[in-house]
Amino acid sequence: MSTHQQDMSLVTSTPPINNGNQIFPEIEMSSDSSSIVRATVVQACTIFYDTPATLDKAERLLAEAADNGSQLVVFPEAFIGGYPRGSSFELAIGARTAKGRDDFRKYLASAIDVPGPEVERLAEMARKYKVFLVMGVIEREGYTLYCSVLFFDSHGQFLGKHRKLMPTALERCIWGFGDGSTIPVFDTPIGKIGAAICWENRMPSLRTAMYAKGIEIYCAPTADARETWLASMTHIALEGGCFVLSANQFCRRKDYPPPPEYTFSGSEESLTPDSVVCAGGSSIISPLGIVLAGPNYEGEALISADLDLGDIARAKFDFDVVGHYSRPEVFSLNIKEHPRKAVSFTSKVTKDETVKM
């Protein structure tokens, strides 16, 4: 396997053809070529505290995936803005520190507004390389941060976003909570696409909502590099009768700022610059539970597979969780999709006011 610029390697489910310094995988099409979608999950690390440089890196990776025929590219959780792995922001119950507050200030500065100039640039990338793009970001709204996923079509149209419903553990002190208004499934020419982020994939009600919306390509950006993650992804693929694309970062200690600017709480003294702090494990799973690509624990990589959308119907024949296997007379689920706002304004109309047409 060749190594590309930025130490990226391309891993595919079909044999590659070596063409100079670039690898061009051979795309094996079925007789119904319209049902085949080439998808890539990106396993790469944020350039922490440097959002412009991270956007540049994202474009390089997107260009390489597009050169290899990818129609859909999925990036990891918090790729733009960064996943603050190991950072405690010096939090303790009932206590804050000056450094912890300043750590949050720097992290807030790395986040992006949605909409905003960084979203416009991501949309232009999707248009330029003619790919559907699913990007993990840290979204800033005022002074609250959200772990979000942004969706773009191959014409550069921003389709919408998903905000992580339930941050995990200390994430809850750093990120706000999403609500039911951002659990979209987008009907696109390459399939119905949605996303759930990291451990919210373990929430049965959220998964059921996405299945009910007809999701076909289930994107699962994550920060979980454990080997057990693959079991969760395989179960979701089987349960939902959908393709699951899970993208995680691969990071070493040197990919984060050095101490004392950035400290891995509780483990800093045992780390060297080359210590792996997130091992990746990105993968692509079919609706029949077959691992099409990955998991990769070797380094930064582009991991690709050809998705035969006919496998969705083949899997649903066996098990349709919101169809013939649902038992609605026994179980039901109510989803509140309206946005939850802390403050709302209602204009008061007095009897002296008139409406002019």
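Ser304 is buried, with a relative accessible area of 2% (buried meaning under 20%, with a 1.4 Å probe and protein chains only). The model is predicted, so that local features need pLDDT of at least 70 and side-chain atom pairs count only at pLDDT 80 or more, whereas totals for chains, interfaces and linings use all residues. Residues are numbered from 1 along each chain as its sequence is written, and side-chain values use heavy atoms, with hydrogens and water left out.

Ser304 belongs to strand E17, residues 301–308 (strands being DSSP runs of at least two residues, and helices H or I runs of at least four, numbered from the N terminus). Its side chain forms a polar contact with the side chain of Thr40 at 2.5 Å (a pair of N or O atoms within 3.5 Å, one able to donate a hydrogen and the other to accept it).

The largest pocket has a volume of about 410 Å³. Of its 22 lining residues, Tyr83, Arg85, Gly86, Glu171 and Ala223 are the closest to its centre (a pocket is an open set of points on a 1 Å grid with protein on both sides within 12 Å along at least five of seven lines, and lining residues have an atom within 4 Å of a point). Helix H4 (171–174) and strand E14 (276–279) each give two or more residues to this lining, the largest share, four residues, coming from E14. By class, the lining comprises 15 nonpolar, three polar and four charged residues.

The second largest pocket holds about 300 Å³ of space, and its lining includes Thr208, Ala212, Phe319 and Arg327.

How values were computed:
1 Å grid on protein atoms, 1.4 Å probe; cavity = no way out; pocket = protein on both sides within 12 Å on 5 of 7 lines; lining within 4 Å. Points joined across faces, edges and corners; volume = space filled by probe spheres on them. Nonpolar A, V, L, I, M, F, W, Y, C, P; charged D, E, K, R; others polar. Buried < 20%, exposed > 50% of the residue type's maximum accessible area, 1.4 Å probe, protein only.
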